[in-house]
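Let us read a few features together, one question at a time, with the sequence and the structure side by side.

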Amino acid sequence: MSEISFKLHDDVKFECASLIVGWYEDSGNTGYGSLNYLKDKVNCRLLAEIEPAGYFPMNNILISDDVAQFPESKLYYCPEKQLLLFLSSSPSGDWYKFLNTVIDMASYHCRLQQIYFLGGMVTLNSHTTPRQISAVVSAAGVKKLIQGDEIDTSMDYETPEGQRPTMNSFLMWIAKKRGIPGAGFWIPVPFYLAGVDDPRGWLKILEFLDKSFDLGLDFADLDKIISAQEAKISRARNENGELDELFKRLETGQLLTPEENEKIVANIEEVLKPGS
Amino acid sequence: MGITYFREPQLENPILVASWPGIANIGLLAVETLNDQLQTEELGEIEPMEFFYPKKVVIHNGELRDLEFPTSRFYYKRLKERDIIFFIGDEQPAEGGRAYAEGTKAFKMASMVIDVAEKFGCRRIYTSGAAVSAIHHTHDPRVWAVPNSRSLIDEIKRYKNTVIMSEIEERQGQGSITGLNGLTLGVARQRGIDAICLMGEIPVYLQGFPLPYPKATRAVLEVFGQVLGFEIDLREMDELVTRTEEETEQLFANFPPEVREQIDKLKSIIPAKPAARPITEEDKKKILEDIDKLFGQEPKGE
């Protein structure tokens, strides 16, 4: 590295670590929600961050749930578990430079053993349907590191016309070119939870990370959040016969019309909005 | 990162013809047609990662196999009179959802195209795009030609169906060209290379629809035929014109009657013949204002 293109908060150096990446504004807040939970649970501390200018529009700020937002891209470290966590907003420009800076920033502190990428994948299934994580690896050899009953590693996919690959795919491709093994994990998110939190999806990937990195996490608090969310959905179904009927059809594998899907989304987002 | 050359031929007195996507892809389609008809060979490409977000990921059996980016590729062909280099961009390196490149990245890409032109000794560059104009879709589109040097104007005036900005009603020689089809002209000027942008006219009310406008592409190709001194086979383009005219008429028939009525007034404006104009300036201004209100657009070059 010829110059440091990020802001250091802690100049600590250590032998090696695994990096886990999650993005804000992800379906079901999967990447952000699960990594933010993990960050607090394993006592991470802030190591470095990428300044937003040049990567994010600086001509305005977004307001979300009444609060002004500002893009952030932060790298955290958990020394006890040799884990680096990167949580970031998705840049809107100069992606190649930004994603290389992510790897530079993590590599400044240690040798990167591997990178894991977390993301939500919208499905037409209901939240009561068992979830199976799909994984994409940067090279066939990485499969043996992640294979288990709960991970499907046989995905075939090509980006459909009119859509674009995810930031995770772009970063994994760059990591691969730089010789760092990577694995992306896709957690199914029911379509009506895509715009809100999906804590059951978070739990699914966190259980996998817990096992992989021997983190010894206690999920009791997350279980409570899941129960509270599912209780709200059950209550909405009990109070709205039409909604319950749509859910029953969804749970028996029937395909709903786009209008019916929209009805479910509108109802569920209403009951799950903050303060409801 | 920079430019990858697949081969480095010695070219005789070459010119470079470049285009990027824009309104109705008028210029791009013209340059692609020339490139196809001349059966060119690949010369090189601008490495994409710095400029573009990838357009496709290929995953097979759970393994990331490939990430495809928009291409920015050069082609060449040796011809009797002079050799020719084509540059075809899949996309403009725009950020934040914008359609056109701007800022540092746009300047860098335009500079790289000119770098290639200089490397192979090009002394003339052409770009091509669309000219959003107050014409009716039943009119034959003209080609607006913008040179980067006053010394090229006499040459442009010899080409049929071509107008310079001062010959366009109410323009008085002024205007702008958005994106890389325009910026490349400026960078060429900075380096002392003559360049001309050829823009086929598209009716102001059709610019926002996702349809090609091959009538304008055909007009641009006819000018390229004069510029390059060879005959271009326009049969396929004529078929495309016929098909698209039917689609345009269907689209037009679906406009509200009051919109159609306003647009039809444009039929009375005879382009580039101010003396023969059968409606008043005031009428024309009113028509364009009404159309602007309906579509939220204004005439401009691209």
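Q: In which loop of chain A is Asp214(A) found?

A: In this model, which is a predicted one, Asp214(A) is found in the loop between α5 and α6 (220-239) of chain A.

Q: What is the phi of Asp214(A) near?

A: As a general idea, most residues other than glycine have a negative phi. The phi of Asp214(A), however, is near 50°, which is a positive value in a residue other than glycine.

Q: Where does Asn29(A) lie, and does Asn29(A) count as buried or exposed?

A: Asn29(A) lies in the loop between β2 (16-23) and α1 (30-41) of chain A, and because there are 25 C-beta neighbours inside 10 Å, Asn29(A) counts as buried. The phi of Asn29(A) is near 50°, again a positive value in a residue other than glycine.

Q: Which domains does the domain assignment give for chain A?

A: The assignment gives domain 1 (7-217) and domain 2 (222-272) of chain A, and their contact takes twelve residues from domain 1 and 15 residues from domain 2. On the side of domain 1 that touches domain 2, the largest share, four residues, comes from helix α5 (residues 199-212) of chain A, and the residues of that side divide into seven nonpolar, four polar and one charged.

Note on methods:
Residues numbered from 1 in each chain as written. Chains lettered and ligands numbered in written order. Predicted model: local features only at pLDDT ≥ 70, side-chain atom pairs only at ≥ 80, totals over all residues. Domains from an automatic or database assignment. Contact = placed C-beta atoms within 7 Å. Helix = DSSP H or I, 4+ residues; strand = E, 2+ residues; numbered from the N terminus. Nonpolar A, V, L, I, M, F, W, Y, C, P; charged D, E, K, R; others polar. Buried ≥ 20, exposed ≤ 12 C-beta atoms within 10 Å, placed from the backbone.
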